[in-house]
Structure formats: C-alpha cells, structure tokens
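I opened my notebook to go through this structure step by step. Here is what I looked up.

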Amino acid sequence: MDLVLLGELLSSLMFFGIIGFLMLGFPVAFTLAGVSLLFGLLGWGLGVFDPSNFGSLPNRYIGFMSNEVLVAVPLFIFMGVMLEKSGIAEQLLLTMSKLFGNLRGGLGLSVVLVGAMLAASTGVVGATVVTMGLISLPAMLRAGYDPKLATGVISASGTLGQIIPPSTVLIFMGDMLSGINAQVQMEKGNFAPVPVSVGDLFTGALLPGLLLVGLYASYVIFKAITDPASCPATPVPPEERSGLLREVAVALIPPLLLILAVLGSILGGIATPTEAASVGAVGAMVLAALRWRMSFSILTQTVVATATITSMVFIILFGASVFSIVFRLMGGDNLVHAVLTSLPGGAMTAMVVVMLMMFVLGFILDSFEIIFIVIPITAPVLLALDIDPIWLGVMVGVNLQTSFLTPPFGFALFYLRGVAPDSLPTSAIYRGIIPFVILQFIAIILLFVFPQIVLWLPRG
Amino acid sequence: MHAMAAIVRVIGALNAVIGRVMSWLALGIVIACFTVVVQRYLFGVSYLWLRDLYIWLNGAMFTGVAGFALARGDHVRVDIFYRPASVRRKAVIDLFGVLVFLLPFMVVVVVYSWPFVTRSWSYWEGSSNVGGMPGLFVLKSFIIVFSVLVALQGIAMALRAVLVLADREHLLPEHLRYPPNVAAAVHTPGETGQEGTL
C-alpha cells in the first residue's frame, strides 16, 4: 500500500480511536496522549512515523509554561473562584432577584443578568450553573415557576461564560489562532499580516455575547406576557424593600464596577488580558476582604481550586500536543486539507463542516479538549481559505457553548441535575432547554449570515 | 497487599503535600503580575525579571500540581459510562488506562525531555530576555518533575485498582478509596473535589 495513503488512513483511524477510547472514562489528557502514542508506535512499525519527532515535545511544553498570554487563564480563574467562594456571587444573585422579584418573570430575568455578570468575571460554567441551581432554582420553584422555564434559563445563562469575555476558552483560542494566522499569512506571501490577539477575540465576542443575553431575556419576557402562570412575580415584603437600595449599593455595584473595569481596560486596549486579569484577581480579594469574607480557609480553597483547574486544562494541552505531532507527521494534516479544500461551495462549506464536527464532538468532550484537538488541524486550512480568524474563534465559542446545552449529553444539564431537587424530573430539564437551544441556533445563524456582528468592534 | 496499600498512602501523601504547597503559587502569580501592572501604569517602570517570574510561576504551578489534581480526580473524564459504573469496573478502567496510556506517556516525556533539560542545566540557562530571570533550567526541570509526580500518582491509581480487584480496598483509608456511587451526587462540582469544567 502507498505509504502516504497508509499514513492518512492511520491518522484518521487514530482520531476515531481516540473518541472510542475516551468513552472508557480514563482522564482525557492521558487517553489523548496514550492512544496517539499507540498509533505512533504502529506507524513507526509500518514506516510512516518517525518517533524522533517527539523531540519537539519539550519545546512545545516549555512554550506553554512560559507563555505570557496564557497566564491570564489562572488569573481569571482566581478572580472567578474568589468571587464564588467568598459568597459574592451568591449575594449578587439574591440581591438581583429581590430587585426584579416584583415583576412577572423577574426571577428569570435576574438569573439571565447574574449569569451574564458571572460570565464577565470568568464564568466557570460548572460553578455558575451549580450556584444558580442551588439558589435560584428553589426560589423559582417556590414562586410557582414552570420547572421547564426555571431549569432552561439557569442552564443557558450558566454557560454564557464560554462566550462572554474574558472566557478562558477564548484565551486559549486567541493564542492558538494568532500563531496559526501568522503562519498562514506568511505562507500566502503576506509578510505584514494584521495580527490577531486574545483582546481582539474578546472584543469580537462582546456583541455576540450580548446578543445571547438579549435573546434569553426576550424569551423570559415573552413568557411573562404570553404565559404569566409560568413565571409569577415574587413580591418583596415591604420591610425588606426599605433596605433594598443599600443592598444594591453593597452587593451589586462593587462587583459590577470591578467587572466593568477589568473588561473595559481590555476592550479599550488600555491593558492586556493578563494585566487586567491580575487587577481582577486583586479586586476580588479586596471585595471579599471588605465584606469580612476573606479568611485563610477561603484563600486556601481559592488557590487550590485555581491551581488544580489550571493544571487540568494545561495538561490536556500537553496530551493534545502528542496527538498533534503524530497526526501531522502521519499525514493527517494533508488529509484534512485535501478534504476541506475539495468541498463544493468553498470556504463556507468547509466552515460549516468544521462547525458540525465540533458540535458533534461537543456531545462527549468539553470545549478545551475540542479546541486543542480540532483547531490545530483545521484552522490552518480555514484561515488559508480567507476566513477571518476573529470570526472563526467567536463562532467556535458560540458553537461549543450550544453543545453544552444539547441533551442528552450537555454538561450544563448534568451540573444542574446534580443540584436540582429529586422531585424535579430530569425530563423537565431536557424539555426546558429546547427553546434556549433554538435561540442558540438563531444566534449562530445570525452570526453566520452577518459576520459584521462579530467583526464590527474589533475590525471597525 | 499491605505493602501496596502503604505505597498508595505514601504517594497520595506526597502529592497532597506538594500540591497544596504549590497551589499557593497561584497567589504568587496574582501578586507578581499585579505588581508589574502597578509599576508600569503608576510609576512607568518595568522589570523584565518580574514579568518572567509570574509567567514561570504559572508553568511551575500547573506542572507541579498535576499529580495532586490526578489524585483528587480533577482531570476531566468522559464519564457517560464511567460515572455509573461499579467500583470494580472503574478499577479495571483505571488499571488499563494507567498501564496503557498514562505510564507510556510519562516515559516518552521523560525520555525526550531529559537531553533538553540536562543541556539547559549544563550552562545554567537563564531567560532569553535581557534583564530577565536567571534559572530557566529550573523551570525546564519542572517537565521532569511533572512526569515523575504524575507517573507516581498513576502507579498509586493502578495499585488501588489492584486492591479493589483483590477485594482489599478496606486496607486504604476512606479518603483514598473510590468515592461512593451516590446517584444524586452525580456531578456536583466543588463537593467531590471536581471543580467542574470552565
């Protein structure tokens, strides 16, 4: 058999082999690397892979370990975890729901708004869904909300952290796309390409993020008008209302200012994401201290959570590097290139195919794994086809956020199921998310047809 | 069997100590990076070594706590089938995964990184930035530290699996055993140590 063909065959088998072995449930980072090594060994035996190529591994690893842009990841995680562990996120939710409680659909709206705010302070999806599931879900059910609406709005709003800056997924994607873009432009003979940065990706994701917030809020308002029984008002007792203004000033304004300052300095181009993130992390500690919620125990919990979450994500990147090396050197890249460039309909079809593939992978893998595997092998082709890297990055973000929500394997749904009362049937969670998934598809189609929504701010 | 249980305990304790200590580098990153920001925006000065410092602290942190994260079960799994599986089945999967995936991976990393790291030590390599940090060789060594700590934790995982399969899991203290399979606690980030995905 032709060696080129054999290599391409092996690399595609490896891709599906990885998916299969991942289903066993062994940690993803190690399965990715282990299966790739097995295929590398096979390829070595068949003469299509040279293991000396692993010599580039340490260079890649030290590259991740000394990457300034990626330091924004632990810093933003620190900020988000601190806000959560110190109870600031919880307080935000309680205050917001009092503020809107008098309205029909008010609790639902407050979930959307707090989801957006927590997303803008990092948005650890699991933690956000759990916090809202523990606080807002019981409140909404007590108030007589339709469980479908209550669970749907929590799952959807909880995943906003994937797309609303400073999303950690976008940080990794921005770092990867900036490197790939520079290389692709160089190969095309464009020696002075317009660089793409994490900041650009954040700026591009802002309007799409707000679009989603707007869509969710509109849906809640729509329900409040057409189906008032599904989301009754929860009047605040008068004795609590008098103190509400003070509560808003204490619980709502300071975190809001912190978030605006951090995001504003990135989007305004004043500070890099990493610099702004460190200010956010210090700000979160100050807020916690001002509320007497700062203690050695909270700080310990925060650093341990920050370090282990960061480690988990970066080690997946380590494992994915092994995959990339084996896949590329066995000719998988050429295969992907050949397939994506031979599609009828050109760049847009290629884009649709890649998006569909990521969406399907999203049923079993989470965002980091998908971008670490798929972006290095497909983005070079897509960017060479003149697809805008900022648009690509944001589309991938919204796409993966959607796959967090789709039954039966949506991660957000699992998290919510974990904290929802047993009396709430799982089917309510699955059915409740349907309207929000439809809204996601509307958003994706809008972004696809009108890329200006993404590109206007960063490119304008 | 008792010896195996003892090894699991020792490795678990080692990674717990290293992990908990190295987690504090997270605070170090925050402080160092914030200091750089204050110096740059308020005083108009910048020290490249301080910039190198917070970047390197991140590299050392996430490699150093990887074994601890593995012990805590923080490394994400595709758990559609794993989560509801019986403890014995989980043990089989873990044993297989460690022997076929994890240990070969760590061996490959050590083998291919060793010359890279020793070369760096041979000339006390520092930052490539003028005025940067000395001691890049220390950071590079963390690739080896990472592999060794994760491999050790992998060995502990495998031994625990063997104990389970030999019906000797009771030799391990509670916190080192498989967490009980409570149907309601399917995926509660934070409570099981699993902080959840981002």
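**Entry 1: a charged pair in chain B**

Are Asp94(B) and Arg77(B) buried or exposed? I found that both are buried. Buried means under 20% relative accessible area, exposed means over 50%, and partly exposed lies in between, with a 1.4 Å probe and protein chains only.

I noted that this is a predicted model, where local features need pLDDT of at least 70, side-chain atom pairs count only at pLDDT 80 or more, and totals for chains, interfaces and linings use all residues. Residues are numbered from 1 along each chain as its sequence is written, chains are lettered from A and ligands numbered from 1 in the order in which they are written, and side-chain values use heavy atoms, with hydrogens and water left out.

Next I checked how the two residues meet. Asp94(B) and Arg77(B) form a salt bridge, with their closest N and O atoms 3.2 Å apart. A salt bridge here is a side-chain nitrogen of Lys or Arg within 4 Å of a carboxyl oxygen of Asp or Glu. Asp94(B) sits in helix H5 (residues 87–122) of chain B and Arg77(B) in the loop between helix H4 (66–72) and H5, so the pair ties together parts 17 residues apart in sequence. Helices (H or I, at least four residues) and strands (E, at least two) are DSSP runs, numbered from the N terminus.

I looked up the total. The rule gives ten salt bridges over all chains.

One of them joins the side chains of Lys188(A) and Asp386(A), at 2.4 Å from N to O. Lys188(A) lies in the loop between helix H9 (168–187) and helix H10 (198–226) of chain A, and Asp386(A) in the loop between helix H17 (367–384) and helix H18 (389–403) of chain A, so the pair ties together parts that are 198 residues apart in sequence. Lys188(A) is partly exposed at 39% relative accessibility. Asp386(A) is exposed, at 62%.

I then turned to Asp167(B) and Arg88(B), whose side chains form a salt bridge at 3.3 Å, N to O. This pair links distant parts of the chain, 79 residues apart: Asp167(B) is in the segment after helix H6 (136–165) of chain B, and Arg88(B) is in helix H5 of chain B. Asp167(B) is exposed at 54% relative accessibility, while Arg88(B) is partly exposed at 40%.

**Entry 2: where the chains meet**

How many residues of chain A are in contact with chain B? I read off 85 residues of chain A, in contact with 68 residues of chain B. Contact means heavy atoms within 4.5 Å.

The two chains bury about 6,500 Å² between them, 78% of it on carbon and sulfur atoms. Buried area is the accessible area (1.4 Å probe) that two parts lose on being put together, summed over both. In chain A, Phe26(A), Phe30(A) and Met65(A) lose the most area to chain B, together 12% of what that side buries.

I also looked for charged pairs here. The rule finds two salt bridges across the interface of chain A and chain B. The side chains of Arg40(B) and Glu275(A) meet in a salt bridge at 2.4 Å, N to O. H14(A) gives the most to the side of chain A that touches chain B, with 20 residues.

**Entry 3: the nonpolar core**

The largest nonpolar core has 229 residues. Such a core is a set of buried Ala, Val, Leu, Ile, Met, Phe, Trp, Tyr and Cys residues joined through side-chain atoms within 4.5 Å. Among those with the most contacts inside it are Phe30(A), Phe78(A) and Phe105(B). Helix H14 (residues 296–329) of chain A supplies the largest share, 20 residues.

I followed Phe105(B). Leaving aside neighbours within four places in sequence, its contacts include Phe30(A), Tyr61(A), Phe318(A) and Val322(A).

Most residues other than glycine have a negative phi, and most peptide bonds are trans. I looked for exceptions.

Pro165(A) and Pro166(A) are joined by a cis peptide bond, with omega about 5°. Pro166(A) is in the loop between helix H8 (147–158) and H9 of chain A.

Trp124(B) is not a glycine, yet has a positive phi of about 45°. Trp124(B) lies in the loop between H5 and H6 of chain B and is exposed, at 59%. Asp167(B) also has a positive phi, near 60°.
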